[in-house]
Amino acid sequence: MPYEWMFYALLPLGALVLGWRPRMSVALLGIAALLYALFMLEPERIAAFGGSAGGNLASLLGTTGTGPLTEGSRVSAVVDLSGPSDLTGPDAKPWFIAVQLAFVGCAAEADCPAAHAASPIFAASADDPPFFIANSTDELIPIAQSERLD
């Protein structure tokens, strides 16, 4: 089984469904550390890749953690293909807001701390790995989300 598919196979379902940053970050970092140990992977050669919701997960993994990118459970690069970077509502197409709320487990935009926690835009910092972000003007996730994460 390719390594990239193991991430999805090993993640707890709740981390994927809720999209809640604290739980997801712990799950992703734990899995990365496990894979490093089991397969003797070199941390500086690991990147996170995903499209759409997977792009959101890859971006969360890239904005999680501190310290050098060459040790621990950090990734050294991120590829985000049309992933949402801000699940708090800005730039979302009106009909898609319900989908975002379901993803983070909230009933309304006004009181949804999980949306903030699942938005990599709020955790991005200068010590994050390099990101390659691809999007277009004809996507479900508006290009403005990709531009703000830049």
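Select helix 4 and pick out Gly 54, Gly 55, Asn 56, Leu 57, Ala 58, Ser 59, Leu 60, Leu 61 and Gly 62: these are buried, where buried means under 20% relative accessible area, exposed over 50% and partly exposed in between (1.4 Å probe, protein chains only). The helix spans residues 53-62 and is mostly covered, with nine of its 10 residues buried. Helices (H or I, at least four residues) and strands (E, at least two) are DSSP runs, numbered from the N terminus.

A quick note before moving on: this is a predicted model, so local features need pLDDT of at least 70, side-chain atom pairs count only at pLDDT 80 or more, and totals for chains, interfaces and linings use all residues. Residues are numbered from 1 along each chain as its sequence is written, and side-chain values use heavy atoms, with hydrogens and water left out.

Now click Ser 52, in the loop between strand 1 (47-51) and helix 4. Its phi is near 60 degrees, a positive value in a non-glycine residue. Most residues other than glycine have a negative phi. Ser 52 is partly exposed, at 37% relative accessible area.

Jump to Ser 82, in the loop between strand 2 and helix 5. Phi of Ser 82 is also positive, near 60 degrees, but Ser 82 is buried at 11%.

Last stop: which residue forms a salt bridge with Asp 86? Select Arg 148: the closest N and O atoms of the pair are 2.6 Å apart. A salt bridge is a side-chain nitrogen of Lys or Arg within 4 Å of a carboxyl oxygen of Asp or Glu, and the structure holds one. Asp 86 sits in the loop between strand 2 (77-81) and helix 5 (97-104), and Arg 148 in helix 7 (residues 143-149), 62 residues apart. Asp 86 is buried at 4%, while Arg 148 is partly exposed at 34%.
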